[in-house]
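Reader: I have just opened this structure and would like to learn how to read it. Could you walk me through a few features, one at a time?

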Amino acid sequence: MPRIKLAESAIKTIVEVCKKFDNQESELINVLHGVQEQLGYLPAEVQERIAQELNMSVAKVYGVVTFYSYFTMIPKGEFPISICMGTACYVRGAEQVLNEFKRQLKIEVGQPSSDGKFSLSCLRCVGACGLAPVVMVGEKVYGRVSPQQVKQIIAEYVEGCSTHEAKSA
Amino acid sequence: MEMINLKIDNKPVVVKKGTTILEAAKSIGIHIPTLCYMKLDDLNIENKPGGCRICVVEVKGRKNLAPACCTEATDGMEISSHTIRAINARRTVMELILSDHPSDCLVCPKSGKCDLQDLAQDLGIREIHYKGEQSVYREDTSPAIIREINKCILCRRCEMMCNEVQTVGVLSAINRGFYAVVAPAFEMNLDHSVCTYCGQCVAVCPTGALTEVDQTAAVVRALYDPSKTVVVQTAPAVRAALGEEFGMEPGTLVTGKLVAALRRLGFDHVFDTDFAADLTIMEEGAEILNRLKRHLEGDKTVKLPILTSCCPAWVKFFEHQFPDLKEIPSTARSPQQMFGSIAKSYFAEKLNKKREDLVVVSIMPCVAKKYECGRDEFSVNGNPDVDYAITTRELASLIKISNISFSSLPNEEFDQPLGESSGAGVIFGTTGGVIEAAVRTAYEVYTGKELSKVDFHELRGMDGIRRATIDFGGLPLNIGIAHGLGNARTLLEEIRAGKSEYHAIEIMSCPGGCIGGGGQPYHHGNADILKKRQMAIYREDSNKAIRKSHENPYIISLYREYLGEPMSHKAHELLHTKYFDRS
């Protein structure tokens, strides 16, 4: 596995988040949320530092990171696309929507696109079942998405006319 | 203590509140099958994740079946341990486990000793009705342990040993659902982790998912190489356990048959690691006294307590986790490595041979010894002091392959000069033994008086951490003993905090010491086996004519002819080592 050296700023972020939760092992999930929110993802080196700060084994940290699909070890794209695969969205065709995103972007779930602009992930229920199937790009929610609309959604971001909030992921 | 009454299979039973159904049943002789569950009584080791659901029983008035291992018995409970519903559930669970398990039992190293195989037989499984996907993971090999994760059934015993007992924290359950597996962080190989190779994961694995690196073929090749003189040493704990592999009662001493078997296998010289244990005591004992003397003279630079250094997993543990304390352990090499070093120098010279012409094989209760003999500092010009370390189990396999009828072998004696040992060398095989051996010698050297009794019962036992004060002619010497790396960690943290009250501490990585090593015949969760091995070790000691290392005549002549004094320049070169910061 290639190793990277963590930037001082990243270390500072990790230390601060851990401290916010009193460096308690039992707060691991909150710490992982906090760190991922700020760094975007949780590569091996970040997990090692978290383990050190919380005085626990890195294997346990990795166990939790791999258990929850929310946590990712792969950097997200500039515009992370999430397709809800909850029951309501699924029965209303989320899978076809997902397949269309995969086809258009030529990436698999969990991967960023080669230009780093997009990444694709699935999530379980965003609490907007009435709008099923739901797609999120960053924080922006698209409802009743059909496979035909996928190209258009992507185009919004390729052409650079993105909303500011979509960037904050 | 509140007591409760319940009935299991119509038999009344009274147990303490808080007892599980499984334990309540056991107390009246009812056996409920288990798989993931494991308990080593007296060692405070229990694995009870309630994961496999093999131990389900029917409880009157309860809708679903209850897992006996982790369901508390309650007052008035009526339990049936083998109704058709419970039996069918167990069989279904077993079939589902087997549906994602390779069916290569005929060639699996665990065959015949596999808890999963035994249980499948006990449950009468003849067909697996569920065909589905099979997990495929890559095999991970290291200098000592092989992980064949396709065979993992997620009982998580290894994880419990690695985290709770040993506090090494290499293994954890990762991923989710069908993809869940027990692995090191980032699914790296063990040799990229802080694994100590203690082998306790191997010792408790119910399947063939974790095994030792098998080196029997390499040993056979050496035995049949006419250009090599093959020398074998055998560790103390081996003689107290090997018989189990041949159907003998746990605790049977097979020293004489072991020697006979090794000779029939074709080893040219059958020696004893116990000899090297005596040598270790000469060096380590001298080091203890040296540090103690300087301490008493007011030398503030002297490091106390001194820690024993015989156990390779323990050495790797502190190199990773307590590198700041690496000046504290004794610099004495382990008996295995002292033996190798002396065999390839002193003994090779006696034979008029070059060290390259000798192959040194050790029979060890341990898988970490495989790693230890491969450490760079234990070789000269690329030639290792010890070429191969095989486990008690591998030796049993070699004996079987070679068509030797072990139980009908005569008792034979070790060869000389590296086969003579004292009782002190023998007790190295159990927790408390190394420090007792050291005390026997250090006391006499320090006080100049003969010990009135050589048995130090205050140093013996199975408690994880023990302490005793031994009167060294007016000087009270505080001794600590820890077995299991979690217990070792407790004592190390005291030292780090400057709160340690000890002068000397013995540490062994495996619960029970080497008798419970990762290379021993499987105990299948029965701690009585370890106790019986321990008793056998003390029995061997008390049967010995010589009980103190410094009275071993061959040790005396080794110093006279070759090494000079303990801690001499030559002794340092051949018998001492240094430690590395691996953090």
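Reader: What radius of gyration would a compact globule with 583 residues have, and what does chain B have?

Author: Happy to start there, and please keep in mind that this is a predicted model. A compact globule with 583 residues would have a radius of gyration near 25 Å, and chain B has 25 Å, so the two agree. Along the principal axes, the C-alpha atoms of chain B fill a box of roughly 75 × 60 × 45 Å. Buried residues account for 51% of the chain.

Reader: How many helices and strands does chain B have?

Author: Chain B has 19 helices and 22 strands. Contacts tell you how the chain folds back on itself: among those between residues at least 6 apart in sequence, 74% join residues at least 24 apart.

Reader: Let me try a helix. Which residues of helix 3 of chain B are buried, and which are exposed?

Author: First, the general idea. An α-helix has 3.6 residues a turn, so residues three or four places apart point the same way. Now the case here: in helix 3 of chain B, residues 115-122, the buried ones are Asp115(B), Leu116(B) and Ala120(B). Looking down the helix axis, these buried residues fall within an arc of 130 degrees, so they line one face of the helix. Gln121(B) and Asp122(B), on the other side, are exposed.

Reader: What covers the buried residues of that helix 3 of chain B?

Author: The cover includes helix 2 of chain B, residues 84-99.

Reader: Is strand 13 of chain B largely enclosed or open?

Author: Strand 13 of chain B covers residues 229-234, and five of its six residues are buried, so the strand is largely enclosed by the rest of the structure. With strand 16 (residues 358-364) of chain B, strand 13 pairs in the parallel sense over six bridges. There, Gln233(B) has Ser362(B) as its bridge partner. Strand 13 of chain B also pairs in the parallel sense with strand 14 (residues 269-272) of chain B, over four bridges. In that pairing, Val232(B) is partnered with Val270(B).

Reader: How many residues does the contact take from chain A and from chain B?

Author: The contact takes ten residues from chain A and 13 residues from chain B. On the chain A side, helix 4 (residues 58-67) of chain A gives the largest share, seven residues. The residues on that side of chain A divide into six nonpolar, three polar and one charged.

Reader: Where in chain A does pLDDT stay under 50?

Author: Look at residues 162-169 of chain A, where pLDDT stays under 50 and the model has 21 contacts beyond four places in sequence. For chain A as a whole, the mean pLDDT is 89, and 92% of its residues reach 70 or more.

Key. Residues are numbered from 1 along each chain as its sequence is written. Chains are lettered from A and ligands numbered from 1 in the order in which they are written. This is a predicted model: local features need pLDDT of at least 70, side-chain atom pairs count only at pLDDT 80 or more; totals for chains, interfaces and linings use all residues. A residue is buried if 20 or more other C-beta atoms lie within 10 Å of its own, exposed if 12 or fewer, and partly exposed in between; C-beta atoms are placed from the backbone. Helices (H or I, at least four residues) and strands (E, at least two) are DSSP runs, numbered from the N terminus. The arc is that of the directions from the helix axis to the C-beta atoms. Two residues are in contact if their C-beta atoms, placed from the backbone, lie within 7 Å. The radius of gyration is taken over C-alpha atoms; the globule rule is 2.2 Å times the number of residues to the power 0.38. Ala, Val, Leu, Ile, Met, Phe, Trp, Tyr, Cys and Pro count as nonpolar, Asp, Glu, Lys and Arg as charged, and the others, Gly among them, as polar. pLDDT is the predictor's confidence in each residue, from 0 to 100. Two strands pair if DSSP finds at least two bridges between them.
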